[in-house]
Amino acid sequence: MLVLTMLVLTGCISMPQSHLVTMAPNVTLQLTAPPQALQMQAKTQLIEAEFNGERQSLLAQVEFTDTQIKLVAMTPSGIPLFDVLWSVEDDAIINQYVPVPGLDISYVIADLQWVNWPFSQLQLATNGSFTEEFNNNVGQTTTDWTRTLSQDGQVILTVEKFDNRYILKHLLRDYQITITELTKVSL
């Protein structure tokens, strides 16, 4: 499980004050408050990470308020890994139950936002070229939409939505995360 956590969460243990995440050289995402449609919602998700040819899984409970994201992660067998309270107003508070060197919660929060936030909110929060396409490719698995972040023609990140599943590929950091929504409830 340590490998999984390191794959999903790389970097340092604290969130920078600015809430600005560097996606690639000269490309940033300003982390923002949850959109109105997600506020007072909770989601349980299966997260599968692929990095260096290895695949690991974890379960996550994510809650959204008007200014916060609360995230609890555990192994599929229920062993707690970490929890995070991210706020627009303050630094993130992180509790690790398994020592994880190089934990960078800013990428976890950024990945949650790339998947869950409305396109228009993300477009305003990044300085890269960010597009969204709705497609139904004949002969292939049908996607609801595909989002692409690029800079000077180089693709940095893609997110594909299939029903209750999202596939996020960060091409420069060389990882893929598949997020499957298991449940969604109002708080």
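Colleague: Is Arg147 buried or exposed?
Modeller: Arg147 is buried, at 5% relative accessible area. Buried means under 20%, exposed over 50%, and partly exposed in between (1.4 Å probe, protein chains only). Bear in mind that this is a predicted model: local features need pLDDT of at least 70, side-chain atom pairs count only at pLDDT 80 or more, and totals for chains, interfaces and linings use all residues. Residues are numbered from 1 along each chain as its sequence is written, and side-chain values use heavy atoms, with hydrogens and water left out.

Colleague: OK, and which residue forms a salt bridge with Arg147?
Modeller: Glu132, with the closest N and O atoms 2.8 Å apart. A salt bridge here is a side-chain nitrogen of Lys or Arg within 4 Å of a carboxyl oxygen of Asp or Glu.

Colleague: How many salt bridges are there by that rule?
Modeller: Five. Among them, Arg55 pairs with Glu50 at 2.9 Å and with Glu48 at 3.4 Å, N to O. Glu48 is buried at 17%, whereas Arg55 is partly exposed at 46%.

Colleague: Switching topic: which residues touch the most other members of the largest nonpolar core?
Modeller: Met23 and Trp114, out of 44 residues. Such a core is a set of buried Ala, Val, Leu, Ile, Met, Phe, Trp, Tyr and Cys residues joined through side-chain atoms within 4.5 Å.

Colleague: What does Met23 touch?
Modeller: Leaving out residues up to four places away in sequence, its contacts (heavy atoms within 4.5 Å) include Trp114, Tyr107, Leu149 and His170.
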